[in-house]
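Hi there,

Here is the structure I promised to pass along. Have a look at it first, and then read on for what turned up in it.

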Amino acid sequence: LGRRQLPFVAAAAELGIGDSDYNCAELAEAGCRAVAEVPILLDLAVLETPPDPRTLSRLSGGGPLVLHVGRIVPNKRIEDLIRTHSWLTRLLPGARLLLVGGGKSNAYGLGLKEMIRELEVPGVRFAGHVSNAVMTAAVSRRQS
């Protein structure tokens, strides 16, 4: 839908900003009069944040941890991840699914919670927004 709408928006825009050559080319092809590439700004120091010890302890042990990081919105197709996790827990009891990101209380998030209850999917947790230290702990646990 976004790609179909892009030419209409591009015609009205003074400047199209993309984060890669590919995206800039797509903007130009859609009709943007001027296009500029602006890289994604990433503070690499965030990756050096020490893991939160309580979270690391809470996530240690048990089965595998599947981590999803992103908004809880329909286009992410989290319902497919939950169905997959349901099957995973049959093969690997104790497997856990940690959903990190905002939206757990929107209509879609509430629908996912209902789906989890109806399908009786174990080990799913909605964490909401978390600190960098909690995220580092989740990623550290996932890699161990």
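Before the helices, a word on terms: axes are lines fitted to C-alpha atoms, for helices over the stretch in contact, and angles run from 0 to 180 degrees between N-to-C directions. Helices (H or I, at least four residues) and strands (E, at least two) are DSSP runs, numbered from the N terminus.

Please keep in mind that this is a predicted model, in which local features need pLDDT of at least 70 and side-chain atom pairs count only at pLDDT 80 or more, while totals for chains, interfaces and linings use all residues. Residues are numbered from 1 along each chain as its sequence is written, and side-chain values use heavy atoms, with hydrogens and water left out.

Helix packing

Helix α1 (residues 2-12) and helix α2 (residues 21-30) cross at roughly 65°, and their axes come within 8 Å. That makes α1 roughly perpendicular to α2 (angles of 65 to 115 degrees count as such, under 35 as roughly parallel, over 145 as roughly antiparallel, and the rest as oblique). Further along, helix α4 (residues 78-91) packs against helix α5 (residues 107-119) at an angle of about 20°, with the axes 10 Å apart. That makes α4 roughly parallel to α5.

Salt bridges

A salt bridge here is a side-chain nitrogen of Lys or Arg within 4 Å of a carboxyl oxygen of Asp or Glu. The count comes to five, and Arg77, Glu79, Asp80 and Arg83 are linked in a network of them. Arg77 pairs with Glu79, the closest N and O atoms being 2.9 Å apart, and also with Asp80 at 3.3 Å, N to O. Asp80 in turn meets Arg83, again with 3.3 Å from N to O. Asp80 and Arg83 are separated by about one helical turn because they are three residues apart in helix α4.

How covered are these residues? Buried means under 20% relative accessible area, exposed over 50%, and partly exposed in between (1.4 Å probe, protein chains only). Glu79 is buried at 15%, whereas Arg77 is partly exposed at 44%, as are Asp80 at 32% and Arg83 at 41%.

Which residue of strand β1 (residues 16-18) might you look at? Ile17 lies in that strand and is exposed, with a relative accessible area of 54%.
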